[in-house]
Structures are given as C-alpha cells and as structure tokens.
Amino acid sequence: MRHESARTGSALSRAKDRGRQLLAPVATRVGLAPAGAADGHEVSQILADGAFAEKIATLAEDLGRPEREVAAEAGAHLREMSATHSAGTGAAFRRFSQWLARAHDVYVDEDSIARLRALDRQHSLLFLFSHRSYLDGALVPEVVSAGRMSTPFTFGGANLNFFPMGSIASRSGVIFIKRSTSDIPVYRQALRSYIAQLLKNRSNLAWSIEGGRTRTGKLRPPAFGIMRYVADAVCETEGVDALIVPVSIVYDQLHEVSMMTSEAKGAQKRPEDLRWLYKFAREQGNRLGRAYVDFGEPISLAERMAELRADEAAAPYAIERIALESCHRINRATPVTATAIVSMAILGEDRALSLAQVQATVAPIAGYLEERGWRVAGAFNLRERETLRRTLQELVASGVLVAYDGGTETVWRIAPDKHLVAAFYRNTAIHVFVDRAIGELALLAAAESDSGDIVAVAEAEALRLRELLKFDFFFAGRHEFGADIDAELRRVADPTGNRRKADTAELRARLETTRPHVAHLVLRPFLDAYHVVADRLADLDVPFSEAEFLDDCVAVGQQWALQGRITSDESVTLELFKTALRLADHRGLLDPETPDLDKLRHGFADEIAQTTARIDTIAEFHRAGRA
C-alpha cells in the first residue's frame, strides 16, 4: 500500500494560504469551541453509570472533599479530554494532515494491513507507535483508516491542544491528556474511566509508547501511564480484551531533527502554538523522501496479563514487562533505511569518503543484514552504487553532509555542527546491530581471559553487557537473548560445543579479521556518556543534586570531547547522561545510605573504563581492516 501526499511549493505564502484554506471550513464547522466542550458518547455513558458514581463517592471520601465537588471536577475533566469522530471535521482534518505530511511519501506493508483488518473485526486494537516526529500521530490514524479499519482514538499531549487546532483535532478523534497527573487524583480517575469506556465500546486506541519524541533517533524508554489504565480496564471488565499492535514509523529524513538534537544538548523546547504550527507546516514544503509504517506481531493484553500475574515474581512488574516487550517488537518491525546505513558508515570514519570508500564500508554491513534477513526500507540494494550516491546527494541537499568535488573525485563528510543529526539517522537502525556489538565485546573478553572456556566467558560477558545497557536498549527475554548472542558468536568465531577450549590467540585473530566491526559504531556514544557520569560520580564529594551533577557532566564531557578522551560531542547530551544516571540509581549509586558507596562508585567507573577500552580495540581492528 502506498500513500503519496500532494506536492506543493515551499514558498511561505503558498504554505500559509493553503493551511488557511484547509483549516477555515473546519473551524467554521466546529465554531472554534473549546476542545471537548460537547459531551462525547463515552462521556454520557460514564456519567450515567452507577459504578462511576460509586468510584467518585469513594474518591471524595478518601480525599476528604464534598462528593458533589469531586463529581463536578471529574465531569469537567471528562469533557476536557472527550473526543469524537465527526465525519465532516474528520475528513477535513484528514486532508489537512495529508497536506502537512507532504514532505514524504508513505509506504505501508499491505500484508500486515490485511491481517490487522481481520483482527479489527473482533478486538480493540491498541496501536503503540514509535515517536520520531510530530507527524506520527497523524500518520497512524490515516494508515489505519485507509486500511479499512476502525479509525482509532489517538492520545496526544495537552501541549498540542492550542487554538484553533485543539477543537478541530478533538473532533477528529484526538484525546488530549495532561502529561503529569500525580497531584490530580480526580483527573486520574476520570481518565481511567474514559479509557475503560472506550474499550467497552470496542474502540481502537493509538498512542506513543515512548510518551514523547526521541531526541536520539532510537526508541526511548516506554511510558507506562496509559498502559496501566488500559490493562486495568481489560482485567477488571468481563469480556473485554485488546490486542497491542506495535507500530514502527521511520523516515528517510526529517525536518525536525536539528531542533530535537539541539534539545538533547539542553536547548529550551519551543512551546507548541499557532506560530509553531505555521513554521512546522512551512518546512514540510521541502521534500525529504519516504516514511515507512510497519506493524509488529500483536500481543493479547488479557492473555499476557494473565500469564504474568500467575508468576509471583513477575506479577508486580507486569505492565513494565509488557511495555518493554512492545518496544522490542517495534524494533523487530523497524527496517533499516539507506540514510541510516550511510550515516553509520561516514560517522565511523575520521575522514571524508569517496563513493567507492562508502561502498566498501557499507558492503560488509549490507552482507550482515542479508545474513540476518533484516529488511531494508524500500527494498533498496545497499550494495548498489546508485543507491548510495542518491542517499549521499539527499543528505547533502538537506545539509547533513557536505561534498567536495574540486579534486579527482567527489568526497563526502559530515557538515559542521551536523554530527548529532547524522547520529539521529544512524540510531534509527542501531537496534539491528546491538547484539552483534555485544558479541564482539564478549568474544574479546574471552580472548583476553585465561579461563580457556571461551563460550562460558563470552556468555557471561554478554549477560553483563545486557545488564549494563538495559536502560538504553530493548532486549529479548534472557532465553531468546542467549540464542541471539550464540548466533552472533558463531558468526564470528564458531565456538561450538567441541571447541570450548579454543586458543585465545586464534580467537583474537578471527575477531580481528571478521567483518563488519560495529561495537565502536553502535555502543561507543552511549558508553562514553556512561564513562563521564561514572567518572563524575567517583569524584563526587558533596551531596548529590541532579541539576548540578548534570551541569558538571556537560562541562567535563565537553572538555573530554576536545581532548579526544571521548570520540565526539554526540555523547555530551542530557538525554544520554540521564539514562546513565538511571543505571547508577538502579545500582544504588545515588543513595547516600548505600554501604561502601565510594567503593561501588569507583568500581562502576572501572567497569565502564574497561568496557570502553575493549571498544577502542574493536575500533583498531576496524581501522586496520580499512588500511
């Protein structure tokens, strides 16, 4: 299935006029009333439900507030979040969304759509999508509706509920919700009841599993709020089930990336308003290739919850496990783009590359993808010169790369201040190579060991790295992960059961000559950020303050980048530092009451330093191979 958005000129006046033309009839039709001002069908059902009244009475008692007051507040929240599918408004809003996405042609797997169409007749479908662009929330309902399925209600942040778009979007199925509700218990109850009613009505739902757009290109850790409410509704309501449908959305390029990478470095996020929408819409007039929407294997929420709740150890973490499994399946469904692979190739070098050199660098990566059977978006052949040439030219046109053609052949390199943009594109494919990178480091650890049992050492090291990286990457369950790592080990060194006593020198030689080497391309940016955080924690002699600590990490990180102690300033971002802090907190390294805290912090720093040293060795293998 292929959707091609209409092409318009990028001139400011044309974008402005076209936007007004598309919005004007919608605004007239809805009268520009506040979003959710009219009760939707679900709100009327909830307000007439005696069970809801009982919950409000109990909540009022718990809060020590008058029941009438709590009921009025709950009703106001319900009306605020209420959304409908108005045929006229929805059609106009859909045309506006198509126009807004005109920078891309959208490609969807028809086989997946056909399978989902059959499931749509029997279940509520929960479309959990990756979030790389503001366009995502419009693309998913469009693709679902075009696939002749029930158009989902889509959850969006209340920050997007601005005049006049809020009124229009809410009548096109967008449910605007507050991002922080910890101190609004009545709002939480209203949202819980609203979601439950939608599922009772067998509506489809859609939302970003990450809760917000990624600033790095790879999936962010999942947000659990909506998932908890959905799971509660499924578990508490007889006869209600829903299927989680993981949705991958990836783009050749995006106009937003420069802005997002600036935010990752600490720049202030611009508030969404009409002026912001105008600027965003104007940018979309410049073509940027394709968007690819793919669907992962569905998960029965009722069945999965029952399985996890039957396991006493897993039951308290059921929601977290389902969310992580959903993210893993999104990654499994995400194809690699030519943009991602070319960005990976050039980022891995410290020099400009000719087309022949790009082709030579990409070839072993393409071979690895073929061996894994991993899809390339658009079915492009990454070995073909013309595919690579076109991708290089597109990256030059968008300012990510610069080309020099004053010599005997054209060469390409990353443009000044565009390293993070190229890294964003590389990271859209990084999940494909994480197991390979871990396998390389695990085998190197085995080659450095005097144990003699390379399989045991490599497997133990792989599990250590899985634990170290679990806040940045989504791994399969331990059994499946073990099988995946075993496959990677065999690809490099073939450590079969009969070769557990392999010679370590032979193993190192095999690792040195294997292709491709990816650990330095995939893991180095993250481990460098961990290294900065671990170093600053080991040196910390005052009470921990997150804001002050992060400022210190940024300052020291910039110093290390200038000194070459870390490979680039890609690692000097708040996004990566905060993830490293989550790991440190998980290990008790931020709690002043943790026994032997200073020793543990120094041990953490030593562990990261040893891991980055092995990544340096893999990078040396790569450089030796290209010479």
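I330 touches L128, F129, S130, I209, L219, P246, V247 and S248, leaving out residues up to four places away in sequence. The model is predicted. I330 lies in helix 14, residues 318-333. Its relative accessible area is 0%, so I330 is buried.

**I330 and the nonpolar cores**

- The C-alpha atoms of I330 and T58 are separated by 39 Å. Along the chain, I330 and T58 are 272 residues apart.
- The largest nonpolar core has 140 residues. Within this core, the residues with the most contacts are F127, F295, F433, I438 and L523.
- F127 touches F295, and also L116, V140, V144, P152, N204, L205, A206, W207, V245 and V247. Residues up to four places away in sequence are not counted for F127.

**Helix 19 against helix 21**

- Helix 19 spans residues 434-448, and helix 21 spans residues 478-493. They pack at an angle of about 65 degrees. Their axes are 9 Å apart.
- The crossing of helix 19 past helix 21 is right-handed.
- Helix 19 contributes D435, R436, I438, G439 and L443. Helix 21 meets them with F481, D484, I485, E488, L489, R491, V492 and A493.
- By class, this contact has seven nonpolar, one polar and five charged residues.
- I438 of helix 19 takes part in this contact. I438 is also among the residues with the most contacts inside the largest nonpolar core.

- Three strands form an open sheet in the order 10-12-11, with antiparallel pairing.
- Strand 10 (353-354) and strand 11 (401-404) are the edge strands. Each pairs on one side only.
- Strand 12, residues 411-414, runs antiparallel to strand 10 and is joined to strand 10 by two bridges.
- S354 stands opposite V411 of strand 12.
- Helix 17, residues 385-397, packs on the sheet and touches strand 11 and strand 12. The direction of helix 17 makes about 110 degrees with that of strand 11.

**S571 in a loop**

- S571 sits in the loop between helix 25 (546-563) and helix 26 (574-586).
- S571 counts as buried because its relative accessibility is 1%, below the 20% cut-off.
- Setting aside neighbours within four places in sequence, S571 is in contact with R524, P525, D528, A529, I566, L576 and F577.

Key: Residues numbered from 1 in each chain as written. Predicted model: local features only at pLDDT ≥ 70, side-chain atom pairs only at ≥ 80, totals over all residues. Heavy atoms only, no water. Helix = DSSP H or I, 4+ residues; strand = E, 2+ residues; numbered from the N terminus. Buried < 20%, exposed > 50% of the residue type's maximum accessible area, 1.4 Å probe, protein only. Contact = heavy atoms within 4.5 Å. Axes fitted to C-alpha atoms, helices over the stretch in contact; angles between N-to-C directions. Left-handed = near helix turned anticlockwise from the far one by under 90°. Nonpolar A, V, L, I, M, F, W, Y, C, P; charged D, E, K, R; others polar. Core = buried A, V, L, I, M, F, W, Y, C linked by side-chain atoms within 4.5 Å. Pairing = 2+ DSSP bridges.
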